[in-house]
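Me: I would like to learn how to read the features of a structure, one at a time. Could you take me through the one below, giving the general idea first and then the case at hand?

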Amino acid sequence: MTDTPPPGDDEDDDAGPTASGPTLPAQATGPVAVPDLVDDEDDDDDDPFGLGDLLGGGGLDLGGLMEQATQMQQQMAEAQAEAARTVLEGVAGGGAVKVTVTGSGEFRSVTIDPGAVDPDDVTLLEDLVLAALHDATARIQALQADAMGGLGGILGGSE
């Protein structure tokens, strides 16, 4: 079988139609240029997406963050231990009733001035003891908030 052009097609026309459709002239071009939207003159990493640059340069240092979190946790534990060792005193009735308590909430003693004891008015003494307990509890909360140094609010504490 010979390859003979159809009648009337004696010219070699590369841009003409073929059996699969019209052909377009081929043009030799270089690689398609993609615009560089990020200034990467200082970019010496191999991050093809430039995430480090997008996140503030240098990328995330997860190891450093973990170290900081561990240090904060250790400092908080030390502060809480120090607060727990502190002994506080709740007072009522001008010092007639005193309650001693640790920063962890362990009540140690109750001292009542004998002058505050009136067998005919036990209710007054009960109120004084209760007021001294409330004062001691408020001092514990203030001590713990101070020991946390403002971290209690960040970490979900009540501040």
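What follows is a dialogue on strands, cores, salt bridges and a surface patch.

Me: What should I know about the model and its numbering before starting?

Reply: This is a predicted model, in which local features need pLDDT of at least 70 and side-chain atom pairs count only at pLDDT 80 or more, whereas totals for chains, interfaces and linings use all residues. Residues are numbered from 1 along each chain as its sequence is written, and side-chain values use heavy atoms, with hydrogens and water left out.

Me: Which strand is joined to strand 3, and by how many bridges?

Reply: Two strands pair if DSSP finds at least two bridges between them. Strand 3 and strand 4 (residues 97-102) run antiparallel and are joined by six bridges, with Val87 standing opposite Thr102 and Val91 opposite Lys98. The two strands form a hairpin with four residues between them, and Gly93 in the turn has a positive phi of about 65°.

Me: Where does strand 4 pair on from there, and with how many bridges?

Reply: Strand 4 is also joined to strand 5 (residues 107-112), by five bridges in an antiparallel arrangement, and in this pairing Val99 stands opposite Val110. This too is a hairpin with four residues between the strands, where Gly105 in the turn has a positive phi of about 95°.

Me: Is strand 4 mostly covered or mostly open?

Reply: Strand 4 is mostly covered, with five of its six residues buried. Thr100, which lies in strand 4, is buried because its relative accessible area is 16%. Contact means heavy atoms within 4.5 Å, and, leaving aside neighbours within four places in sequence, Thr100 is in contact with Val87, Leu88, Glu89, Glu106, Phe107, Arg108 and Ser109.

Me: Which residues make up the largest nonpolar core?

Reply: In soluble globular proteins, nonpolar side chains tend to be buried together. A nonpolar core is defined here as a set of buried Ala, Val, Leu, Ile, Met, Phe, Trp, Tyr and Cys residues joined through side-chain atoms within 4.5 Å. The largest one has eight residues in all, namely Ala92, Ala96, Val97, Val99, Ala116, Leu125, Leu128 and Ala132. Strand 4 and helix 3 are the elements that give two or more residues to this core, and helix 3 gives the most, with three residues. A second, separate core of six residues includes Ala83, Leu88, Val101 and Ala136.

Me: How many salt bridges does a search of the whole structure find?

Reply: A salt bridge is a side-chain nitrogen of Lys or Arg within 4 Å of a carboxyl oxygen of Asp or Glu, and the search finds three. Arg85 and Glu82 meet at 2.8 Å, N to O; these residues are three apart in helix 2, and are therefore separated by about one helical turn. Arg139 and Asp135 meet at 3.0 Å, N to O, and are likewise separated by about one helical turn, being four residues apart in helix 3 (residues 122-148). Arg108 and Glu106 meet at 3.6 Å, N to O.

Me: Which residues make the nonpolar surface patch?

Reply: Patches are made of residues with over 30% relative accessible area and no salt bridge, where like charges are joined within 9 Å and nonpolar side chains (Val, Leu, Ile, Met, Phe, Trp, Tyr) within 5 Å; accessible areas come from the Shrake-Rupley method with a 1.4 Å probe, and for residues only the protein chains shown count as cover. Here Leu60, Leu62 and Leu65 make a nonpolar patch of about 330 Å². Leu62 is found in helix 2, residues 62-85, and counts as exposed because its relative accessibility is 56%.

Technical notes. Buried means under 20% relative accessible area, exposed over 50%, partly exposed in between (1.4 Å probe, protein chains only).
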